[in-house]
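Hi everyone, thanks for coming. Let me put the structure up so that we can walk through it together.

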Amino acid sequence: MAIPPAVVSAARQGWRWQWLQLMGGLGPADASGNYTRPKGAFPHKPALPPSAEQAHGHVLIVGRSCPWAHRAWLVWQLRQLQGSIDLLVVEPDPEAGRWRFQEPFLGCNTLQELYRHAGAPADQRATVPVLVNRHSGAVVVGESARLMELLNDWPAPAGSPNLEPEPLRERINQWRQQFQDAVNDGVYRCGFARNQAAYDRAEAQLFETLAAAEASLVRPGAGPWLCGEALTLADVQLFPTLIRLELVYGPLFGVSRQPLWQFPALWSWRQRFFALPGVASTCCDQAWRTDYFGALFPLHPSGIVPAGPALATLVQGQVQP
Ligand SMILES: N[C@@H](CCC(=O)N[C@@H](CS)C(=O)NCC(=O)O)C(=O)O
């Protein structure tokens, strides 16, 4: 039996109202419906530990699906900081909407407890990544952009790359800022937009920025990395978002206007980055899909995890020098 139009209309209005309430749980929006990322705790870049010994005894806490954590994890991996900083992976708890430790850590079962013990206000979201001092329990820094810079300065074994060399610093920071706003945050502003206009703004800015990165890589004499011959923090800033593009952001956040294969230079750049030592082990495609499709209820109420391309098909092939 057909549902009477008045019932459909009332159900739609009620459903939309509930959707807006639930979206508020994912994050706030401004008056125009643009998603605005809440400010995190422990946002400042601290000084380096005063001695190499004091650099030991730290723990980098990450979640596999989180792109912000992925950036810090990559710097840790590329600079081989395993000797002084342990990596600890937390698990999502979608029912409670928080991260939990696989085993109690410093007496805490959840990241939220650790944040409270470290002095964060009770209403503060507990986000990954965080760098923690194992001895004092203090959170050293909880903002991924500053954490990447700190880990790049951290005492590292001989031969570890400097991902922010002084002569390239300005260029690196320009790219990083642009990616952070338009791409890293941009995909979330697409997915969490509260109306069509907000989505359109974020989506246009995202693809303009990818086009700019593509153009810069194909300039004569450019590449193989975004700032030239050296791999830098600009590359690290972009990779975690682009490696999730077809697997998560395209289908879930609606950023599918141009699949990455339509940006051939960025496609090769992504293959090249994935082939760097240690990078593949940070790419957990099954966890990404399960966590995003399973946890973001207002965007995907069924919780069904759809099939997607195998990660290998996105990164395999001859790596262009
Ligand atoms: N500003 C933070 C954002 C990190 C962030 O949003 N992390 C998410 C996972 S992708 C999180 O831990 N969310 C938990 C929550 O909001 O309760 C950073 O860049 O470090």
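Let's start with glutamine 80, which sits in the loop between α3 and β2 (85-93); helices here are DSSP runs of H or I with at least four residues, strands are runs of E with at least two, and both are numbered from the N terminus. Before going on: this is a predicted model, where local features need pLDDT of at least 70, side-chain atom pairs count only at pLDDT 80 or more, and totals for chains, interfaces and linings use all residues. Residues are numbered from 1 along each chain as its sequence is written.

Glutamine 80 has a phi near 50°, positive although the residue is not glycine. Phenylalanine 42, in the loop between α1 (5-26) and α2 (52-55), also has a positive phi, near 50°.

Are these two buried or exposed? We call a residue buried with 20 or more other C-beta atoms within 10 Å of its own, exposed with 12 or fewer, and partly exposed in between, with C-beta atoms placed from the backbone. Phenylalanine 42 is buried, with 22, whereas glutamine 80 has 16 and is partly exposed.

Next, the prolines. The bond from valine 128 to proline 129 is cis, with omega near 5°, and proline 129 lies in the loop between α4 (111-117) and β5. The bond from glycine 223 to proline 224 is cis too, with omega near 5°. Most peptide bonds are trans.

Finally, helix α5 (residues 144-153): its buried residues are Ser144, Leu147, Met148, Leu151 and Asn152. They fall within an arc of 135° seen down the axis (using directions from the helix axis to the C-beta atoms), so they line one face of the helix.
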